[in-house]
Amino acid sequence: MSNRDPNTYKLLTPGPLTTTLTVREAMLVDRCTWDDDYKSMTQDIRARLLKIAHAGDDYTAVLMQGSGTFGVESVLSSLPGANDHVLVLVNGAYSKRMCEILARHKIAHTALEFDWAETPDTAAVEAHLAAHPEVTMVSMVHNETTTGLLNDIESVARVVKAAGRTMIVDAMSSFGAVDIDVPGLDLDVVVSSANKCIQGVPGFSFVIVKKAVLEASKGNARTLSLDLYDQWATLEKDGGKWRYTSPTHVVAAFHQALLELEAEGGVAARGKRYAEMNRRLREGMEKLGFRAYVTPEHQGPIITTFFYPSDDFSFDDMYAALKREGYVIYPGKLTERPSFRLGNIGEIHAEDVEAILELFSKYTASHRA
Ligand SMILES: *Cc1c(COP(=O)(O)O)cnc(C)c1O
């Protein structure tokens with residue numbers, strides 16, 4: 001493990017996450033944004049992202065400055081035209097955020113609400129689309145990082161596409177670890193970011209999008225800097241040059257992270273590691289008396305929400321105890337009951353899971369007396 005520097009700790013958070021030393025080392029060079037070497041790095045990233053998405057020539061990959069939310073906002077504020085209406089399938093904080101974005105831009109939308117512990121009901125989506133011809137686009141989250149639940153985008157995509165609507169997926173915390181056959185599902189737009197399952201550092205997001213959808217959106221953007229079409233047009237025209245200053249160090253780190261994803265064995269191998277670490281963590285925590293929020297059938301491979309084990313449980317106290325031993329955990333985001341989350345994406349391996357479970361075991365034993 002390359003991360004045993006006493007000044008660092010491992011992040012059990014869903015991004016930023018623990019990166020390899022080699023990814024961080026890629027940032028030690030200052031690069032020029034209009035230099036050919038840098039531009040070809042951008043172009044190689046775009047090509048590799050399309051490959052991960054199984055996407056061919058009818059799709060393109062657009063990189064956008066800012067964290068994942070900037071990517072989602074870029075999509076939702078650039079693609080819908082004046083006559084579009086977006087249906088948002090809400091079962092967590094990130095799908096709720098899509099509604100906030102649409103409201104901020106005064107774009108017509110409807111929130112279809114579902115239980116946060118369940119994947120959206122496909123029949124309800126199908127019925128809503130049949131009853132609401134004004135809806136032209138459907139937007140949903142793949143892995144709801146709020147809870148750890150993996151939504152069933154396949155069955156939803158089937159009814160959305162059969163009904164002839166545009167389908168937008170926030171695959172922020174799944175892309176790179178959960179295989180998504182973007183053309184196979186006929187998805188129009190998939191958004192993710194540098195600091196999630198590809199294991200780069202934070203600083204930009206990326207959008208896999210059908211060229212025809214992007215072309216049809218020309219002139220629709222409500223902002224200048226998040227204009228997805230313009231960003232694409234510049235990347236294409238100038239062979240990998242971003243509009244406005246790009247996060248050069250972050251881009252270099254991401255390129256290295258993509259090489260390391262391939263070396264690990266690609267999406268399948270990474271997904272397998274995450275799922276295995278998630279299973280071990282979850283089973284170990286349950287043995288210690290921590291109950292998970294999401295049932296095993298809906299649990300995604302990257303983060304788990306646990307309820308507080310008792311009323312007198314102190315998150316802050318446990319956070320401090322774990323941090324002293326080199327691990328940082330994540331607060332919960334459920335509204336109904338106090339909870340916390342353990343992420344297992346990034347450079348988290350079996351020995352980390354053992355160490356974390358040991359720390360939780362010690363902590364609970366000393367607080368039971
Ligand atoms: C991380 C994440 C985002 C983006 O959040 P940022 O804080 O902007 O990085 C959006 N959706 C999901 C599902 C996420 O996990």
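Helices (H or I, at least four residues) and strands (E, at least two) are DSSP runs, numbered from the N terminus. In sequence, Pro309 and Tyr59 are 250 residues apart. Their C-alpha atoms are 47 Å apart in space.

The model is predicted, so local features need pLDDT of at least 70 and side-chain atom pairs count only at pLDDT 80 or more, while totals for chains, interfaces and linings use all residues. Residues are numbered from 1 along each chain as its sequence is written, and side-chain values use heavy atoms, with hydrogens and water left out.

## The ligand site

Which residues surround the ligand? The shell consists of Ser67, Gly68, Thr69, Tyr94, Arg97, Val141, Asn143, Thr145, Asp170, Met172, Ser173 and Lys196 (a residue counts as near if one of its heavy atoms lies within 4 Å). The space that the ligand takes is the largest pocket. A pocket is an open set of points on a 1 Å grid over the protein atoms alone, where a 1.4 Å probe fits and protein lies on both sides within 12 Å along at least five of seven lines. A molecule sits in a pocket if more than half of its atoms lie within 2 Å of the grid points. Helix H3 (68-78) and helix H4 (93-104) are the elements that give two or more residues to this shell.

A polar side-chain atom of Thr69 lies 2.6 Å from a ligand oxygen. A polar backbone atom of Gly68 is 3.4 Å from an oxygen atom of the ligand. Asp170 places a polar side-chain atom 2.6 Å from a ligand nitrogen. Taken alone, the ligand exposes 380 Å², and the protein buries 85% of that (Shrake-Rupley areas, 1.4 Å probe).

H3 is mostly covered, with eight of its eleven residues buried. They are Gly68, Gly71, Val72, Ser74, Val75, Leu76, Ser77 and Ser78. Buried means under 20% relative accessible area, exposed over 50%, and partly exposed in between (1.4 Å probe, protein chains only).

| Residue | Relative accessible area | Class |
|---|---|---|
| His142 | 2% | buried |
| Thr122 | 18% | buried |
| Asp186 | 31% | partly exposed |
| Pro309 | 36% | partly exposed |
| Tyr244 | 45% | partly exposed |
| Lys106 | 76% | exposed |

## Side-chain pairs

His142 lies in the loop between strand E5 (137-141) and strand E6 (143-144). Its side chain makes a polar contact of 2.7 Å with the side chain of Ser174. Such a contact is a pair of N or O atoms within 3.5 Å; within protein, one must be able to donate a hydrogen and the other to accept it, and residues adjacent in sequence count only if both atoms are side-chain atoms. Not counting residues up to four places away, His142 touches Leu149, Leu150, Asn151, Ile153, Val169, Asp170, Ala171, Ser174, Val178 and Ile180. Asp170 also belongs to the ligand shell.

Thr122 lies in helix H5 (residues 122-131). The side chains of Thr122 and Ser155 are joined by a polar contact of 2.9 Å. Neighbours within four places aside, Thr122 is in contact with Ser155, Val156 and Val159.

Asp186 is in the loop between strand E8 (166-170) and strand E9 (189-193). Which side chain does the side chain of Asp186 meet in a polar contact? The partner is Lys210, at 2.6 Å. Beyond four places in sequence, Asp186 touches Tyr59, Lys161 and Lys210. Asp186 and Asn220 are 34 residues apart along the chain, and 23 Å separates their C-alpha atoms.

## Backbone features

The peptide bond from Gly15 to Pro16 is cis, with omega near 0°. Pro16 falls in the loop between strand E1 (10-11) and helix H1 (21-25).

Lys106 is a residue other than glycine with a positive phi, near 55°. Its loop runs between H4 and strand E4 (109-113). Tyr244 is not a glycine either, yet its phi is positive, at about 65°. The loop of Tyr244 lies between helix H8 (228-237) and helix H9 (248-264).

Definitions and conventions. Contact means heavy atoms within 4.5 Å. On a 1 Å grid over the protein atoms alone, a cavity is a set of points where a 1.4 Å probe fits but cannot get out, and a pocket is an open set with protein on both sides within 12 Å along at least five of seven lines; lining residues have an atom within 4 Å of a point.
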